[in-house]
Amino acid sequence: MTLLRSLLLRLATMAVTLFGAAVVVFFVIRVVPGNPIAMMLPPGASETDIARLSAHYGLDRSIPEQFLIWLTGVIHGDFGTSISLRQPVMPLVLGRLPATLELSIFALVIAVIIGGASALAGTLWRGTKTEAAIDVANGVGLSVPDFLWALVLILLFGVLMPIFHISGRISPSAELPFVTQFYVFESIVRLRFDLWWDLLKHMFMPALALAIPLAAIVSQLLKQSLKETMHLDYVVLARTKGYSENHVILSESLPNAVLPTLTLIGVQFTFLVGGTVIIERLFSYEGLGNMAIDAVINRDLPLIQGIVLVFALMFTLINLLVDMTYALLNPRLRHA
Amino acid sequence: MNAFLAIRNLSAILRGGSQRVLRSVDLAVEAGEVRGLVGESGAGKSMIGKAVLGILPSAVSIVEGEILLDGRNLLAMPQKERRRTIGTVAALIPQDPLTALNPSRRIGRQITDRLVDILGWTEANASARALELLDEVQIQNPQRVMASYPHELSGGMRQRVLIAAAFAANPKLIIADEPTTALDVTVQKQILKLIREMQARHGTAMLFVTHDLGVVSKVCQKLSVLYSGKVVEDRAVSEFFAEPRHAYSKALLAATPKYTDPFASLLPVDEAVIASVDAEVKAADREWRHV
Ligand SMILES: Nc1ncnc2c1ncn2[C@@H]1O[C@H](COP(=O)(O)OP(=O)(O)OP(=O)(O)O)[C@@H](O)[C@H]1O
Ligand SMILES: [Mg+2]
């Protein structure tokens, strides 16, 4: 009963959040200067041409009126038509979303692996030079933003030692057998490991750039949480049972230290997804973020609205997922 | 010579200082016997137990001496081997049952883990053993308790679980560090009785840390009195109560409440006695620096 109620409450909050995001974006992009129709037509187009096209896209009406029309459409599953691409918005956005999801998840996996491993290493070798080195690395990782890491990585592994691709999602020459846009996932399902490898070589650097700041945060917080458990009675008791320090850290400390880190990862992951906008641009990666920048440049109002709505939905879903995982992992909540 | 645990001339200092927290400690526990370890707060009682179990805080380092467990010097072993040796033959009953169980692991696993991982038992045998021990420590419905998490149990129940876990591996030596001080007074008596019964039934040697001489008289056969990290008296319990030798012991005994006359007690230890035992510690320190 309480579970159902809290779930309903959650869904209501999500709906309000999405509506709020939609309202704000809708009005803001109409207030800033720049006319999407003028961007679309060749220079020298007549006033009447502009007026005619504006009327076609409903841009001649008042902003609240436009909003009502848009909202009615959205409720019926119609997100409007992209002005610059002249196609319905939703298929465009959903076509790009998988690329961004795959990139974000890959980045998250890298961040958790690097952050987790360095936190464990720093705990195992606490008080040594290894720990000091990890602390320094975390400090650097935290103070440099993802887009600067992207530039460093492009110079390092794109130019100096060109072992990774610095542009695109997959080699243009590749014959694609895919029916979905989830290329990485589908390449594994189809056992096309040649394509899988090509995809990874393209994804690796943008993902790493996104992952480094998050890895530093994960490492720092997890190491701190682990350290706090090292003197707790149950950890000390496990040592007297004959276990090695590695085992004690992994099976006694880690399960309890992971919970606060998990909550933080959830919050930080939404920042990471936000970071894809710039990173995808830098690496010419054909995802939603890259499309968002084009949409803004072209003042493609319907497309911007669609993209923002999808991003906002992603953020709220991530938060929901984190809370659910937290409840699942914490025995005290599980039995409450 | 046939003591199961023999601590010889053990000295420890706080890192970065020269002051000793353990002062040339000699202490032995024979197989099957219970030795009490008493002394005021900060005397170093827990330190001795931690030294034996290899869990000294990193701020403390041992500078001389031997800890022989079943004839083998723990201090001469590499860390991995030392931990394994300790885990195989010794066990700890901790002071605070509320913090000594891992909140995110089930009770059953916290009893069977050592049996399976360190002693190489099968899961089935370890579970059967855990059930048997939970029954022995008078826990109702042991099946259900095995599947619970610590927060679902009361403090007294948790201490019973920890006692079961300590005895489950058939250790030759158990170190109990004030195992009842964190509990309610009513529960204290039950737990103390339980520990005494379990010790007698299993014939386990025990080092029993306490600051309560009343408890010593009920549980222990031998007694070491610790003052400022120095053993000032080492006697059989019956002799000690009949005729304590050291002035500090006498004062300690006088300060212990007697059940016949609970109000006549609670005298602070005489200042003159403290001064003389402090002088004794200083003399020992001077002598120690010369060798
Ligand atoms: N982690 C630590 N770092 C530095 N000094 C410590 C540490 N733990 C204990 N000490 C010091 O070591 C000495 C012995 O402490 P210990 O815990 O063995 O006392 P105790 O006899 O068990 O006292 P209590 O009856 O209060 O438990 C004390 O003087 C204490 O201040
Ligand atoms: Mg103590």
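1. Ile163(B), in a model that is predicted rather than experimental, is in contact (heavy atoms within 4.5 Å) with Ile93(B), Val137(B), Ile191(B), Leu194(B), Ile195(B) and Met198(B), once its neighbours within four places in sequence are left aside. A nonpolar core is here a set of buried Ala, Val, Leu, Ile, Met, Phe, Trp, Tyr and Cys residues joined through side-chain atoms within 4.5 Å, and buried means under 20% relative accessible area, with exposed over 50% and partly exposed in between (1.4 Å probe, protein chains only).

2. As to conventions, residues are numbered from 1 along each chain as its sequence is written, and chains are lettered from A and ligands numbered from 1 in the order in which they are written. Local features need pLDDT of at least 70 and side-chain atom pairs count only at pLDDT 80 or more, whereas totals for chains, interfaces and linings use all residues; side-chain values use heavy atoms, with hydrogens and water left out.

3. Helix H1 of chain B, residues 45–53, is mostly covered, with 7 of its 9 residues buried; helices (H or I, at least four residues) are DSSP runs numbered from the N terminus. The buried residues are Lys45(B), Met47(B), Ile48(B), Gly49(B), Ala51(B), Val52(B) and Leu53(B), and the helix is followed by Gly54(B), whose phi is positive, near 70°.

4. Between chain A and chain B about 2,100 Å² is buried, 55% of it on carbon and sulfur atoms, where buried area is the accessible area (1.4 Å probe) that two parts lose on being put together, summed over both. In chain A, Thr240(A), Lys241(A) and Tyr243(A) lose the most area to chain B, together 30% of what that side buries. The contact takes 21 residues from chain A and 26 residues from chain B.

5. Across this interface the rule finds 3 salt bridges, each a side-chain nitrogen of Lys or Arg within 4 Å of a carboxyl oxygen of Asp or Glu; one of them joins the side chains of Arg105(B) and Glu252(A) (2.5 Å, N to O). On the side of chain A that touches chain B, the elements giving two or more residues are helix H10 (233–240), helix H11 (245–282) and helix H14 (331–334) of chain A, and H11(A) has the largest share, 7 residues.

6. Leu237(A) lies in helix H10 of chain A and counts as buried because its relative accessibility is 8%. Apart from neighbours within four places in sequence, Leu237(A) is in contact with Leu92(B), Ala100(B) and Leu162(B). From Glu252(A), Leu237(A) is 15 residues away in sequence and 10.0 Å away in space, C-alpha to C-alpha.

7. Glu245(A), in helix H11 of chain A, is buried, with a relative accessible area of 11%. Not counting residues up to four places away in sequence, Glu245(A) touches Leu124(A), Arg126(A), Met230(A), Arg239(A) and Arg83(B), and a contact of 2.6 Å, classed as polar, joins the side chains of Glu245(A) and Arg83(B). A polar contact is a pair of N or O atoms within 3.5 Å; within protein, one must be able to donate a hydrogen and the other to accept it, and residues adjacent in sequence count only if both atoms are side-chain atoms.
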